[in-house]
Amino acid sequence: MTFTNAQDVIKYLYSLPKLHEKADLTYIKTILAMLGNPQDQIKTIHVTGTNGKGSTSYYLSNLLQKAGQRTGLFVSPYVFEFNERIQLNGQNISNQNLIGVANKIESVLKRIRKTKPTFSLVTFEYEVVLAFLYFAQEKCDYAVIEVGIGGEHDKTNVITPEVSVITTVGLDHEQVIGPTLADIAREKSGIIKENRPVVLGNIPKEVLPIIQQKAQKENALVKKLGSDFNILLQENLEYQDQFQNLSFLPRPLVEGYDIAIAVQAFNLLNLSLSASEIEDAINQTTVPGRYQILQNNPLIVLDGAHNIQAMQNLLNFAHFKQEKKQGKIRVLIMMMKDKDIEQVFKLFKAADEVHLTTIDYPRAAKKEDYPLWIQKRYQYHADWRTSYQDLKQKSQTNDILLVTGSFYLVGDILQMEIKNARSRH
């Protein structure tokens, strides 16, 4: 197959199977070897964690660019367009490059199938290969690689990174890498490599030993948030480690943790940036769809929180703001059917005004996919557009409107707001 336009590449990617019979890395290693192992031609930083890995990856990418490094970034999911998942120096991969790289992969797949007729890649493998091939072709100095799910068996785990990062360990994707927190910690510790340092964020005490044992086994230096480096939210976000004190513009404390982890990981690379350059690089970073503030009065916050830990963090932030503003919290939420819906909804306070909606996507939950008690307690609106506009109009200056539950909903609303802003100018 030869691609001539980017939409065909993306359509084809989503038509591929999601999983192999066995969750190993033989398929991706086979094709990477045939392509000359592009993943070994660039220095990488590998980022995993239940939450915060996307933000941490964006902050790291900006720090590397600031230090004059040609920087690749591989993240998921996307908020605006597919090309956002593979970036070079903060620019999405162009359609032209996407087509070119995909065609290279296709010609190699054809060669492999001469001897292994049934050989195929799953969607995420294909995306990972696209990224590595593009970064090698563009001669990146560094690439920041965010895992898909987990760590050890993740399709990105074919690299020996300069630094590994584990941001958090919590419950999400339990059916794939769980069911227990210990299982998830074990899976995530799979990105720790021999003689390569690892930076740890907020890891629950009960599973910390699992990760520390793996680090010890691999002789990997461990830098841990709370002991080797720290961040506090005062007027600003204040970062400190034994060598430096930095001050960043205020953001929610959970974002502060991601910033601290990124700074620590960057410092381990021994690239030179002054304190003020580090501060600028972080302050200039926008992470799409994560604690993204659309406007202040009323406060409208978009955040793709879709698991218990992320939702708890978002609601803590919103309720903290609410105490100051003395307004009402309204929530527009859409979730995927396969998420921990019950547990997430138990986090809302009785006074929070929650509205359910859906989008046009096969995995998106419709009304009947929610447990009965949720259906009874909260209003459901099939049309997210009108629901969002209604809630926005209803909100007074001191109110707070959260849009959350999925990056897909957040992306749709961001795109709508951008279009509306353009048509007003």
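A: Rings of Phe, Tyr and Trp, the last taken by its six-membered ring, count as a pair if their centres lie within 6.5 Å, and a pair is called edge-to-face when the planes are over 60 degrees apart. In this predicted model, the structure holds 14 aromatic pairs. One of them joins Tyr-78 and Phe-82, whose ring centres are 6.3 Å apart with 70° between the planes, an edge-to-face arrangement. Tyr-78 is partly exposed, because its relative accessibility is 22% and buried means under 20%, whereas Phe-82, with a relative accessible area of 4%, is buried. The rings of Phe-345 and Phe-348 also form an edge-to-face pair, because their planes stand at 70° with the centres 5.4 Å apart.

Turning to the helix, α1 spans residues 6–15, and its buried residues include Ala-6, Val-9, Ile-10, Tyr-12 and Leu-13. These residues lie on the same side of α1, because they cover an arc of only 160° around the axis. Gln-7, Lys-11 and Ser-15, on the other side of α1, are exposed. The packing partners of the buried residues of α1 are α4, residues 95–115, and α5, residues 123–137. At the start of α1, the backbone nitrogen of Gln-7 has a side-chain oxygen of Asn-5 within 3.0 Å.

Terms used
Residues numbered from 1 in each chain as written. Predicted model: local features only at pLDDT ≥ 70, side-chain atom pairs only at ≥ 80, totals over all residues. Heavy atoms only, no water. Phe/Tyr/Trp six-rings, centres within 6.5 Å; stacked < 30°, edge-to-face > 60°. Buried < 20%, exposed > 50% of the residue type's maximum accessible area, 1.4 Å probe, protein only. Helix = DSSP H or I, 4+ residues; strand = E, 2+ residues; numbered from the N terminus. Arc of directions from axis to C-beta. Contact = heavy atoms within 4.5 Å. Polar contact = N/O pair within 3.5 Å; in protein donor to acceptor, adjacent residues only side chain to side chain.
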